[in-house]
Amino acid sequence: MPFGAAILFGDDNAPLPESLAQWVAEVRVEQELNKPTRFAVRFEDDLCGDTPAVQGRPEIAANTMLSVLVPSGNRAICLVRGRITRLKSSMQLGGPGSWVEAHGEGRQVEMDRSTVQANWSGPEARIVESVLTSYDFAPDIANVEGRTWTEQEPLNQRGTDLAFLNKIASENGVDFWIGYAPGSPDPLTGRVEIAETAHFRISPPVAEGVPFDIGEFALSPGDDAPTLRVNVQGDRCPNVNSFTAEIDSERPNAGRSQGVDAAAGETDSASSQSAPATQGDGPTITAIDGVTRTIAVTGPGGGEDQRRRQEAALRAASWFVEGTVSTSAHMLGAVLTPHEIVRVEGAGAAWSIPYQVKSVTHVVNGADHLMDVKLRSNFVGAGT
């Protein structure tokens with residue numbers, strides 16, 4: 001990958017022909033938890049006779065599949081595989097200085113194109129699996145509570161498949177994202193097989209059978225997890241350009257709701273509370289100031305349905321610490337992607353804690369692979 005990223009096109013993931021690849025100037029990929037990944041590939045352009053060299057090329061036509069692979073250590077990582085949704089171009093007098101940009105989104109965009117009206121019955125996890133497999137994703141489903149819908153009380157869909165799955169994910173407190181596993185390039189054609197897995201589970205992972213926990217979930221970096229070093233001493237060189245952090249303490253940590261049991265015609269109550277415990281010897285959202293902030297969720301169903309929704313909302317609210325990092329793949333020695341657990345060192349007692357990567361904006365050009373990273377955590381360091 002002499003440029004720093006490999007661009008593949010088409011459903012069979014073929015490399016761009018050299019006549020087009022030589023014009024690639026910059027690649028931008030924006031990854032974020034629970035949102036489709038967005039990308040943009042900028043090409044320089046010029047006139048070849050009276051015809052632009054890049055503009056109008058079929059390899060970057062609307063709805064064409066593009067994939068972006070980058071090196072990380074001794075392997076390749078696929079940052080995104082998705083459809084081109086928008087094309088931009090700028091033409092300068094004489095040709096030099098012209099450019100073309102191909103913008104697109106991950107394959108979730110395919111799930112957001114058709115409105116569906118359906119009444120689903122059966123276990124909720126099986127309904128999710130049915131939708132995912134219809135797009136040829138390998139499903140990875142976990143932590144979806146055992147709600148079984150019936151013909152008398154179906155799960156109604158009145159929108160796109162993407163909106164439908166996002167609603168189910170939010171009510172279960174799980175994350176929904178697409179993961180990619182590229183194989184080795186074919187030695188003759190350069191084509192790359194890319195396995196796509198649709199993950200529909202809590203992140204960071206929670207083992208099956210473990211009760212749903214609102215906020216007391218540990219962030220445990222692995223032995224090979226990257227460490228973001230800010231102001232460190234001795235020969236342990238810093239590997240970030242900047243680091244900022246903040247606490248948002250005004251978030252809910254308790255819930256009280258009511259539901260209606262349609263069969264019995266009775267009102268059910270549901271309440272939830274984040275326990276005032278600590279993680280990593282530091283306070284969580286409930287313990288940070290001792291103030292109780294309550295939410296009430298609404299939706300069809302009885303008390304168990306409301307409890308599930310409010311605990312999902314409280315789990316999302318428990319990520320009350322955020323950090324922002326500017327670094328590069330060269331400085332860090334690794335390429336970061338969302339869902340990873342990383343360490344921060346040299347940022348003071350409050351912020352030198354484990355974080356989960358929330359989003360990464362990658363900018364790859366001929367000189368570097370820059371990364372602007374947002375982190376999140378569910379506790380602050382001891383002594384805060």
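Q: Which element gives the most to the lining of the second largest pocket?

A: That element is H4, with four residues. The model is predicted: local features need pLDDT of at least 70, side-chain atom pairs count only at pLDDT 80 or more, and totals for chains, interfaces and linings use all residues. Residues are numbered from 1 along each chain as its sequence is written, and side-chain values use heavy atoms, without hydrogens and water. Helices (H or I, at least four residues) and strands (E, at least two) are DSSP runs numbered from the N terminus. At least two lining residues each come from helix H3 (161-172), S15 and helix H4 (303-317).

Q: How is a pocket found, and what volume does the second largest pocket have?

A: Rolling a probe the size of a water molecule over the atoms shows where empty space is left. On a 1 Å grid over the protein atoms alone, a pocket is an open set of points where a 1.4 Å probe fits, with protein on both sides within 12 Å along at least five of seven lines; lining residues have an atom within 4 Å of a point. Volume is the space filled by probe spheres set on the points, which are joined across faces, edges and corners. The second largest pocket has about 360 Å³, and among its 18 lining residues Asn34, Gly173, Val174, Asp175 and Ala316 lie nearest the centre.

Q: What volume does the largest pocket have?

A: Its volume is about 760 Å³. Of its 33 lining residues, Ile77, Cys78, Thr337, Pro338 and Glu340 are the closest to the centre.

Q: Which element supplies the largest share of that lining?

A: S15 does, with seven residues.
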